Amino acid sequence: MTTLEVRDLVKEFTLRSGLRRTRLRAVHRVGFTLVPGRTVALVGASGSGKSTVARMIARLEKPTSGTIAAVGPDGARIEDRHYRDHVQMVFQDPFASLNPFHSIEHHLARPLVLHGRAKGREQVRDRAAQLLERVNLPAGLMDRRPHELSGGQRQRVAIARALAPGAQVIVADEPVSMLDVSSRLGVLNLLARLQREDDLAVLYITHDLATARHFSDSIVVMNRGRIVERGPADDVILDPRHPYTKTLAAAAPDPELRGRLRSADPGPEASSDRDHLTYDHDAGRWVDIDADAQAAVTAA
Amino acid sequence: MTSVIPPSSGLEDLPPGTEPGALPPPAAGRRTGWRAVLPAWTPKLAVGLGLVVVIALFGLLGPVFAGDPATIRNIGLTGPSGDHWLGTTQTGQDVLDQLTHATRGSLQIGLLVGVMATALSALFGVIGGYAGGIVDEAFSLFSNVMLVIPGLPLVIVISGFVPADQRGSWTIALVLALTGWAAAARVLRAQTLSLRNRDYVAAARVAGEKPWRVICVEILPNLLPVLASQFVFSVIAAILSEAGLSFLGLGASNSSTLGTMLYFAQNGFALQREAWWWFVPPGLIIAAFGCGLALINLSLDEIINPRLRRPGRGRAARALSGSSRKDAVRSTAV
């Protein structure tokens, strides 16, 4: 079983306009741990840096600083060249994440072959059929091409592809936000079942608090590149402490109060003195990451 | 909050096939793999292919049946007749015999240049576009420089420098390819820049594919329509510029092409003597071949640019155009 440890992750992008260069800090000192069998939801608005975190974990972007380490069951850090055997990603848009030119079989066969899970045409086809079966798709789909599948089916194929290398850590970047409402729950429950069966560690990235609570054990809320609140799912949602989380929670529509706002319009996001703080529900207190780091530096 | 999804209907993991919009029945003749990159069968494509195939066969098989184009007879500049279907030249050579050999020579050069220019543009455009950074900067600077150099004058200068006895069709083809790849490279680079940011490329990288495999297996197949259209375009351009060069007397010295035919017709005052059978056939073949390739290119454009595409492809698909239209819009929207 693999655990993923993310420590002090920082990502800066350089913006160039003419000769002037400015640096944009998209992710600031983000850290969390993914444990087998448990789901962490990473919640935040668009542009809060959550997808950047996902892309760094999938090694599509290099972090500016900080570490992402996959730790094996024996407590040893997994080597870089085996990293992708353990950590895989499901992308947001199922219409873009499958190559329109290739058959479904290709999408499953390549990771199987690349990670040495199957050899020879027959075995690869067998394993691919097994994978399709695991995500509730008929094996006959193998020779189809992506445009012949519905969104939900495509996302299932994408999940099967992520499982193909035998990954233990799955990063799901808004896996259902592009799907029809009718197939969302099917895909989410599929993920939950696979997680139970394989004891997967899942990072579920979303902007939807309702599915985050339904689907995850703990929630990490990000705003403007920082973690502003973290803790068990119910605590964060029922007892939000940070003003941003409160705004987010109030923004969710409530079916019981049709036609009325749940709370008074919070107005423009109030910038408070707590913007740079993180509320940690486990510790039950406000944490200042930057101050802690400075304290660590002065102590050393 | 209170808007938690009720754990009732729909919560269960759906068994295969019960999902809304489940598997469509396997349509007969659905387009898989390579067939999907082929253009739809339209009158435009049929006419284009017909013209190109007829001219290609003429150039390929004609010389086998035709006599020696260099045979000199003492019947100079006679019009078309039973013996000489397209008449004779000033020195009594049969125009039809010459035309078959000239067509073959022109097609050869066109094909050579097409292959070389497409390979060059793919190299600079696709690799530059995918690699990004300094490689991209260097490659696109280079292709921009090649692009702004006026083509024909450069070709004239280069061919002028190569001694006439070394100026074979390979040399001419090389010169034309070196001056003709830049525009295609820019198109391919732009297309690659858009493809490399697709999620399926990222997914291939996450799966652990090597960069060259990502380019060759994930990106290149999706560039095929663009590549094909650039290839067709560079064949047209090559045949035209070769004809131009030969007409100026700077063409390949040891080969006969449609351009050299026009060159000799001009030198023999065919126009002034109203010997239309000498200069009209080569001109017509150039025009018809260019027209055929352009029509093929238009059909290829329909693959590249979905706005030109009809909702259904082929007759069978047109019957269910409603659903396939939605599909087409979806796949292009991403």
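At 8% relative accessibility, Glu174(A) counts as buried, where buried means under 20% relative accessible area, exposed over 50% and partly exposed in between, computed with a 1.4 Å probe on protein chains only. Glu174(A) lies in the loop between E6 and helix H6 (181-198) of chain A. Although not a glycine, Glu174(A) has a positive phi of about 45°. Most residues other than glycine have a negative phi. Asn136(A) also has a positive phi, of about 65°, although it is not a glycine. The loop between helix H4 (121-134) and helix H5 (151-163) of chain A holds Asn136(A), and at 14% relative accessibility Asn136(A) counts as buried. Helices (H or I, at least four residues) and strands (E, at least two) are DSSP runs, numbered from the N terminus.

The model is predicted, with local features requiring pLDDT of at least 70 and side-chain atom pairs counted only at pLDDT 80 or more, while totals for chains, interfaces and linings use all residues. Residues are numbered from 1 along each chain as its sequence is written, chains are lettered from A and ligands numbered from 1 in the order in which they are written, and side-chain values use heavy atoms, with hydrogens and water left out.

In chain A, eight strands form an open sheet of mixed pairing in the order E5-E6-E7-E3-E8-E9-E10-E11; two strands pair if DSSP finds at least two bridges between them. The edges are strand E5 (87-90) and strand E11 (285-287) of chain A, each with a single partner strand, so one side of each is left without a neighbour in the sheet. On average, neighbouring strands of this sheet are turned by 20° against each other, direction ignored. Val87(A) has Val169(A) in E6(A) as its bridge partner.

Strand E3 (residues 39-43) of chain A is mostly covered, five of its five residues being buried. In a regular strand the side chains alternate between the two faces of the sheet. Both faces of E3(A) are covered, with Thr39(A), Ala41(A) and Val43(A) buried on one side and Val40(A) and Leu42(A) buried on the other. E3(A) pairs with strand E7 (residues 201-206) of chain A in the parallel sense over five bridges, and the bridge partner of Ala41(A) in E7(A) is Tyr204(A). Strand E8 (residues 218-223) of chain A also runs parallel to E3(A), joined by four bridges; here Val43(A) stands opposite Val221(A).

A three-stranded open sheet of chain A has the order E2-E1-E4 and antiparallel pairing. Strand E2 (20-34) and strand E4 (65-71) of chain A are at the edges with a single partner strand each, so one side of each is left without a neighbour in the sheet. The twist from one strand to the next averages 25°. Six bridges link strand E1 (residues 3-17) of chain A with E4(A) in the antiparallel sense, and Val6(A) is partnered by Ile68(A) in E4(A). Helix H1 (residues 50-57) of chain A lies across E1, E2 and E4 of chain A, at about 115° to E1(A). Axes are lines fitted to C-alpha atoms, for helices over the stretch in contact, and angles run from 0 to 180 degrees between N-to-C directions.

Chain B has 12 helices and zero strands. Of its 334 residues, 41% count as buried. Among contacts (heavy atoms within 4.5 Å) in chain B between residues at least 6 apart in sequence, 70% join residues at least 24 apart.

Helix H7 (residues 199-207) and helix H8 (residues 211-247) of chain B pack at about 165°, with axes 10 Å apart. H7(B) is therefore roughly antiparallel to H8(B), a class for angles over 145 degrees, with under 35 roughly parallel, 65 to 115 roughly perpendicular and the rest oblique. The contact residues comprise five nonpolar, one polar and two charged; Ala, Val, Leu, Ile, Met, Phe, Trp, Tyr, Cys and Pro count as nonpolar, Asp, Glu, Lys and Arg as charged, and the others, Gly among them, as polar.

The axes of H8(B) and helix H10 (residues 276-304) of chain B come within 9 Å and cross at roughly 160°. H8(B) is thus roughly antiparallel to H10(B). By class, this contact of H8(B) with H10(B) has 18 nonpolar, three polar and one charged residues.
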